[in-house]
Every structure is written in C-alpha cells, then in structure tokens.
Amino acid sequence: MVEQFKSLLLLILIGLSLFLTYQLWYGQKPAEVVADDVYEQVDVEAPRKLEDAVVPERIVIPGDEGAHLFKKDDSDFEKIWVELSALLKSIENDFSADTQNAPPEEAEMCLNALFDLRLPIGSEMPWLSGLSEGSLDKLELYCLEDDQWLVISNTDRGRQYFKPEQGKLNQVTGVLEDITADDEPDYEYLDPEIVLEELELDVVITAPILVPRDEKSMNRLSLKAENIDQELLLKTFFVDYNLARVIEERDGGRLYTDGEKGLRLTDIGFEFSHPRVEEGQTSLTYSEALRSSSNLISYHGGWPENLRLEDVGLKSREGNLFYEAEWMMYYNGYPLITRQPTRISFNDLGLFRFTRFIFTTAKVPEATADEHILNADQGQIQVAAWSEALSRALDVLAERTAAPQFRHNLEAMELSYVVTGTQTSPKGTPAWVVIINGEEIILRADDLEVINEEDLL
Amino acid sequence: MNLGRAKLILIIAFTGLNIFLGYQLFWPDFGRLTEVAVTAEDLREAEQKLAENNYVLDATFDRSPQSSDFITVSPDWKIKQDLLYRLIKGGVQIEETEHQTYYRSEDKRVVIHTSGLLQVFYTSGGELEEELSTLEPGELKGIVEDFLAEDGLLPEEIRFDFFEEKRDGSITLHYYQMLEDVPVFSGQLKVILRANQVQAVEIYWLEPAERIPPREMEVISPAEALKNLVSELGPSADERVIKAINLGYYSGEYDAEKWEIPPVWRVMLDNNQYYYVNAFTGNLEKDSVIPEQL
C-alpha cells in the first residue's frame, strides 16, 4: 500500500516537473515584461552631409543674348555645383573686402550662383573654412581673357573679392565651356522694358526673373506618393509606440497619439504635432540648424534623392523662437509644388511639427519610357509663352482683388509642376507660377487655365 | 538498495526540483501578492506635493499594482436607430447640415452629430409627474431612469455619476458608461431637468469593438498620477479638494470610424471638475495634440 502511494506520488511529481518546465519555457510573460520589451533599436537613414544638403537655388551662365539657366536636379547643374563646391572647399582665407581685388569694369560675369538657402562658411564648415563664421547668398565669377575673379556676397560682411592664380579655376571654366559650347542661351532676364514692349504694361520687377526665350515643352507626369515604412516611422516618433493609440478616421487616415503628441498618416503623407515642445526656445546657430534639419528628416522617413532643402529660417511665435525648414521635390530642374509642404519646426527641445507630402515619378515600363517622355500625344505639352502667362496672371489678379491694382510688382515667375489629381492617381501638371503683389497665381502651362490651391494635392 | 528507498530518494529529488521550478515561474507574482503600487512613503510624498500646491487629498484608492490595456471603440448607433425608428414612424421633419442632422416631431427636436453625439430636446418638456423638490436624490434618479427607459434612451451598462444644480434652478444628472465593470468615462449621458420636466437629454455612447490584451501593461500608481496632475496644473490659488480617483478608460471625442482608448486615472475635484491622467504615460489627456485635419 505504502509502495503504491510512493509510486503514485512519484508519477505526480514527475508530471508536475514536466508541466512546470513547459510553462517556464513557453508560458506567458507577465505584463511588466511585455511593457519593458518595446524599446527597440531603430535603423534609420544616415543624415546627409552639409555639402549634400545645401546647393544653390540656381546657377546662371550669362551669354551674349540671354542666359543659360541650371536648376536643382538638372544633370548639368550637378556638374557645375560639384566643381564650384570643390573650389570653395580648396580656398582658405583669400577673400578681401578691398575693392583692389575686385574685377575690373571690363570683366564680364561668367557665372552667377544664387543661394536662397544660404551657404554656411567658416571654421568647421566644408566651404571657405578660413573665413570667419557666416554665410553667403550669392557667388559670382567674372572673366576677362585668361583672368578670373570670384565675388561672394557674405551676409555679414557684404561683398568680398578673390583673384585666384591663373589656372586655379580651369576645372570650373572647363565644365562651363563644355556645357554651353553647343547650346544657345535658352533663357533671358525679364526687365520692365521687355514687358512694356510685349504687353504694353508697366510692371515693376522686384527680383531677377529668368524666362524661356523660345518655345518650350514639358511632360505631364504620372506620380505616386512616396512609400514610407509606417511601422518604422511610428518607432521614430514614439519611443514606446505601444503606448500610442490609433484613431481610424472616416477618410481612411490613421491617427496615432500617446496623449502628448499626434501623428496622422494618410495615403499621401503624414502630419506630426507635439504641442508641449512648441513652448521651448532655440539657441542653435544657422549651421547647427542646417545639421539638425538633415538629421530630423533623415530620421523621420528619410531624405529621397530628388528632395532638396529649400529654406531654413529662424521664426518666432508667441515669444517662442524656433527653426523652420522646408523641402521640395524636383523633377528635371522643376519643383513639384504640393498643397501641404514638407516642412519641419523644431527648437532646443526637439521636433514639434512636421508635415511630409512627397511625390515621386511613377515608374514607366522600360520599353515605353522614351515614348512617355517624347511623344506629345502621350504626355508632352507646349508651354505658353511667358508674355501670355503674365498677361493672363494680371487678368486673374484683377478678378481676385476687389480694389484696382495701380502698381504691379512682379515678384516671381517660373515654370513648375503642381501636384493634382486624386490620392490614388496623382499627376504632375506643368504650370506657370506667378507672384504679383504678393498674390500667387498658378496657371496650367499649356492653356493657362487657373489652378486653385484647393485643386492641389 | 531496495526499490522503496529508491522511490523515496526520487520523491525528495522531484519535490526539490518542482519547488525550484515553481519559484522560477511564479516568483514575480508571489511578490505581487504582498506588493503595493503605493507605499506609505509614496503616499506621503504625493500628499506633500499636493499640499505645496494647495490641494488636499480626500479620497481612497486601491494601493495594489494594477494593469490595463487599450480598448477599441466606435460611436454607438443603436440608441439612435431605435429613437429614429420611433420618430419617423410618428412623422418627422428632417434637415441636414454638414455635421448635424435635425429631426423635428410634435414633442421633440433631435440632433444627431456626425461624431455620434445625440441631443434630444423636449419642446414642451418631458413631464415627470412628480414634484422634484420633494424627492430624495435616489428617488429622483429612479424616476428619471424610468422616464429614459420609457423613451428608449437608457443604455444598458450605465453608472450614475453626480448631480449638478445650477443657479437657474435646473438640475443635471450625469452618467457614464461601463464596460465589464470598468468605467468608460468617454461614454456619457446627461439629463437636464427644469420645473419638474426633462428639458433635454444628451448621449455620447460608445460601442466597444475589441480589447487589446497583447498590449496589457502595468499602469502608473494613483499617487504618481496625482503628482503628474499637480505638476501640470501648477499651484491653485484657492484650496482644492481631491474627492475621488478612479481607474477607467477615456479619450476625447473623435469624428472617426473607430479608435483606441487608453486607461486613465480620473481625478475628481470638489466642484465636480474632472481631469484624466493617462494611466500608461502619466500625461494629462488633452485633445489639442491632434494635428489639424488635412
């Protein structure tokens, strides 16, 4: 009897040990262990270096009649900028405000690079590291026979001059000659006299505007919204994204919030907001803000190849100082304008606002790629002349403004793509974008029909 | 060695092994049997911080560690459908705007908001057939609930919250929604009474879609929630009394298909003012973090 009891007890103990071993190995973890496991390593894109982040807004090579215009994401633009950038990196502290080093009057401007996004210079910067810390917004190259002069517009110290030794600029001038050798200048600077001659209208031109001299064609683009890894994105915005809750909106959007910050994801982009951080201040310098901008966009979704940093500026709202940085996609040198910008706002406490709406060209099957670009029936349109576009823009302005406009300040006029269509089928529509008296007027580039802001994606 | 002795040795060995395995498996929960989320020291610290900011704690709470999860909800349309069915049967005028639909019958005006909020206004007053001033609060509550049930406006899982008397003589009865014995503070029902009549009923009710057990986590302690709240609110000019602190679910209203609600500590102050502290993050729940609608 005792032996039987021992046998039974032994069997129970063996069974129990097997069960406990199983539970220990495969059983559920307690709640607090689940909570601790959420801090994961996040692998994101490395930030861009400054020399890849800051480029001129445009490079102009003046010709006898008109000018060659090179804009971001244009292949020739890249070639010129690579050489210019290398040149600026190689120069130490050879610039001077002394006009003795200025080019003589008979020297002609052979290159002009405008930096809407100021180029940071000085120690710890890639460019002109021998100069004191600052930034420049214009770089000009003057040529007279075999001599060249570089002139920079330093935002702190005004114009500064440098006469390099003969041959130092050969690389740059060589590239310029190669690029412009076979082509006639295709752009011209707009001036009030030309406008008066063409339109019989008195217009004040407040910024240098380049318009095509001859007939121009552009392609209608088939676009797609960028594909973002949403799970990775959540991990970058929420340290512990298990604490974020989801709100499914009626329009298909998904909103994540942890009660402090919110992230709204849609089919075409996202919006992020962190109001508590908004109340901070910033002590960052311009160059530090440039680096932070690069870090933030690379961390939260990445920095696509054709996306260009357009502006980084110090702003103030309700006594709080912060930086705002904005990006734009480019296609063949033309910007892709969206209703919602790709823009971040940040201060010393971190990122507090981010809207990101990036469209890329949809892939065209290889066999038809060339046709897509060249065949007029499939997508190419003839761009209306600048004079027609300006005339139409003035008519639209008159319709929009109740009071008669006695003075017309033409602030900008350029060809662009505007993103239209639907969320599932976005399109890049060629357009003239004209700014007169602070009013932005968008006209379809071919028939000059008005495109309203609400028509944009 | 005989067999009996061998069995005895094995029994001792397996008993030891099982004790070891059991300890490894259950030790966190053994500790939890006696563990508290709020120690006497935590409570003292919290009370001190409250006192520094002119708040007095006059509430009791469960001091054991608690865990919770998110629940997914969507606006409840059942009450509205039943009400509309009866209204339309009796003849009704309908008018629609972008965010509201209005239904007008002989004795009621009903407004349904796209967010799910339902408002019923009794145009000639919903007669209660009792003199309100003579009633005890419990009796009044019973009469009002009978009235709501008769009109098809009494949801099932409901919990009375408090009475609110206004200077104009009106009384508002506040209720909130329950889900498996846990309060869902976002789900609310208000009944406004004036001169022995029900003037209006406002219902924002939620339909629980699912619980999310894989995301079950331990919540912060009530003491921590109180400290966070006071840090957020700052010092009070007048002395404020904290009357209650309860664990439930809460989020702002969303005009959305469905959404997840986090657990919160609801802190009730002396003038029936409520604050909701997220029980996972410790943040004060606000609506303003949501980016503007695209």
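Which residue in strand 13 of chain B is the bridge partner of Glu248(A)?

Analyst: In this predicted model, the bridge partner of Glu248(A) is Lys258(B), a residue of strand 13 of chain B. The contact between the chains takes 41 residues from chain A and 39 residues from chain B. On the side of chain A that touches chain B, at least two residues each come from several elements, including strand 12 (245–249), strand 13 (254–257) and helix 2 (31–36) of chain A, while helix 1 of chain A supplies the largest share, 13 residues. By class, this side of chain A has 17 nonpolar, 12 polar and 12 charged residues.

Turning to chain B as a whole, it has five helices and 15 strands, and its radius of gyration of 26 Å is well over the 19 Å that the globule rule gives for 294 residues, so chain B is more spread out than a compact globule. In keeping with this, its C-alpha trace spans about 95 × 50 × 50 Å along the principal axes, and 26% of the residues of chain B count as buried.

The largest nonpolar core has 157 residues, and among those with the most contacts inside it are Met413(A), Trp432(A) and Leu226(B). Leaving aside neighbours within four places in sequence, Leu226(B) is in contact with Ala46(B), Leu50(B), Ile242(B), Ile245(B) and Val267(B).

Technical notes
Residues are numbered from 1 along each chain as its sequence is written. Chains are lettered from A and ligands numbered from 1 in the order in which they are written. This is a predicted model: local features need pLDDT of at least 70, side-chain atom pairs count only at pLDDT 80 or more; totals for chains, interfaces and linings use all residues. Helices (H or I, at least four residues) and strands (E, at least two) are DSSP runs, numbered from the N terminus. The radius of gyration is taken over C-alpha atoms; the globule rule is 2.2 Å times the number of residues to the power 0.38. A residue is buried if 20 or more other C-beta atoms lie within 10 Å of its own, exposed if 12 or fewer, and partly exposed in between; C-beta atoms are placed from the backbone. A nonpolar core is a set of buried Ala, Val, Leu, Ile, Met, Phe, Trp, Tyr and Cys residues joined through C-beta atoms within 7 Å. Two residues are in contact if their C-beta atoms, placed from the backbone, lie within 7 Å. Ala, Val, Leu, Ile, Met, Phe, Trp, Tyr, Cys and Pro count as nonpolar, Asp, Glu, Lys and Arg as charged, and the others, Gly among them, as polar. Two strands pair if DSSP finds at least two bridges between them.
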